[in-house]
Amino acid sequence: MATTHYLSTEFALQRNGAQYVFRVKLKPNESRVALLSAIIPKTWLLVENNGSNHFHLDNQQYYVAEGNWDVLSFVAEVNTLLGPNHNVSFDTLTGRMVFTSNTASTLSFDDKSKLYGLFGFSYNSTNNFVSNTLKSSRCVLFQRVQSVNILCNSCIDTSSGVSDSLLCQIPVGSLEMFNFVSWESTDYQTMSKPLLLATLEGGYVEMSFEFIDQDGWDIDFSGLPVTFVLVTYGEDDTMQKIHDSIRAYFQVRTNQIKYELDNIKNRLNKSVGQ
């Protein structure tokens, strides 16, 4: 039989940075785990004041204030930061930023900056002005988190030859900010992963979970908890369900055949009687 576990990051056993640790009790022979459902607060900020909110214009570093900016307010904020010798505008026809500058030669983003998507450039890139102008290399992206990826230390699947700790990927969609993403599994057995942790005394395992976006950045939910439901079960549960289904099919079919034979027998008896 499968076991469900109701978890909330608010009541984690401990938190190690972006990892939440829970102690989960397993039944004997339970060897697989899957996510049944999750309720995720969409409360992360587009720009966070955590050392990732900067960019460089030549050797000068600029910091953008944290918040959920839209394109126009973001452009206004950046122009305020840059001053009169530089200008940035948004091209509504192409969805790209256009920089002009009397003095700058490069716009760059280091490996800790998350602003590259807002400006329409690549991660950890240096971009050169040509004739005092620089146009972003791709459309701007003002939805920083497109998917919430839940990693679990106890389901590192190596069957593909690559260590994979991804328990589930949940798309965020276009839901407005300060709302909740609600997700439910349609087939938990197909999405399940092997449980590879050593069992502690009493049948418990310590499972840690981490929530990252599509680019591998940790997600800050601004203090609100993520609630989710796990299911654990044994490999033999799947075979048992198959056996039960086959047994049920043959039982129904046997009853149908018996009913048909009884009808034939009754018709034959009536024919003999006539």
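Val88 has Phe99 of strand E8 as its bridge partner. The two residues belong to a predicted model, in which strands E7 and E8 pair in the antiparallel sense over six bridges. The chain as a whole has 274 residues, of which 42% count as buried, and its secondary structure consists of three helices and 17 strands.

- In general, the strands of a sheet pair through backbone hydrogen bonds, and the pairing is either parallel or antiparallel.
- Strand E8 covers residues 96–101, and besides the bridge between Val88 and Phe99, His86 stands opposite Ser101 in E8.
- E7 and E8 form a hairpin with four residues between them.
- Gly95 lies in the turn of this hairpin and has a positive phi of about 70°.
- The pairing of E8 with E11 is also antiparallel and extends over three bridges.
- Within the pairing of E8 and E11, Thr100 has Thr133 in E11 as its bridge partner.

**Aromatic rings**

- A pair of aromatic rings is described by the distance of the centres and the angle of the planes.
- The count of aromatic pairs in this model comes to 18.
- Tyr20 and Phe211 form an edge-to-face pair, because their ring centres are 6.0 Å apart and their planes stand at 65°, while the cut-off for this class is over 60 degrees.
- This pair links distant parts of the chain: Tyr20 is in strand E3 (residues 19–25) and Phe211 is in strand E16 (residues 204–212), 191 residues apart.
- Tyr20 is buried, with a relative accessible area of 10%, and Phe211 is buried as well, at 2% relative accessibility.
- Phe99 and Phe121 form a tilted pair, because their ring centres are 6.4 Å apart and their planes stand at 45°.
- This second pair also links distant parts of the chain, with Phe99 in strand E8 and Phe121 in the loop between H2 and E10, 22 residues apart.
- Both Phe99 and Phe121 are buried.
- Ring pairs join Phe99 and Phe121 into a cluster with Phe55, Tyr62, Phe74, Phe109, Phe119 and Phe142.

**Loop residues between E4 and E5**

- Thr43 is placed in the loop between E4 and E5.
- Thr43 counts as buried because its relative accessibility is 8%, and buried means under 20%.
- If residues up to four places away in sequence are not counted, Thr43 touches Met177, Phe178, Asp220, Phe221, Ser222 and Leu224.
- Asn49 is found in the loop between strand E4 (32–42) and E5.
- Asn49 is exposed, with a relative accessible area of 57%.
- The C-alpha atoms of Asn49 and Tyr63 are separated by 8.8 Å, and the two residues are 14 residues apart along the chain.

- Asp58 is not a glycine, yet it has a positive phi of about 55°.
- Asp58 is in the loop between strand E5 (54–57) and strand E6 (60–63).
- With a relative accessible area of 27%, Asp58 is partly exposed.
- Asn124 is another residue other than glycine with a positive phi, in this case near 55°.
- Asn124 belongs to the loop between helix H2 (116–119) and strand E10 (126–128).
- Asn124 counts as partly exposed, at 44% relative accessibility.

**The chain overall**

- The accessible surface of the chain comes to about 15,600 Å², and 53% of this surface belongs to carbon and sulfur atoms.
- Among contacts between residues at least 6 apart in sequence, 65% join residues at least 24 apart.

Key
Residues numbered from 1 in each chain as written. Predicted model: local features only at pLDDT ≥ 70, side-chain atom pairs only at ≥ 80, totals over all residues. Heavy atoms only, no water. Helix = DSSP H or I, 4+ residues; strand = E, 2+ residues; numbered from the N terminus. Buried < 20%, exposed > 50% of the residue type's maximum accessible area, 1.4 Å probe, protein only. Contact = heavy atoms within 4.5 Å. Areas by Shrake-Rupley, 256 points an atom, 1.4 Å probe, with all protein chains shown as cover. Pairing = 2+ DSSP bridges. Phe/Tyr/Trp six-rings, centres within 6.5 Å; stacked < 30°, edge-to-face > 60°.
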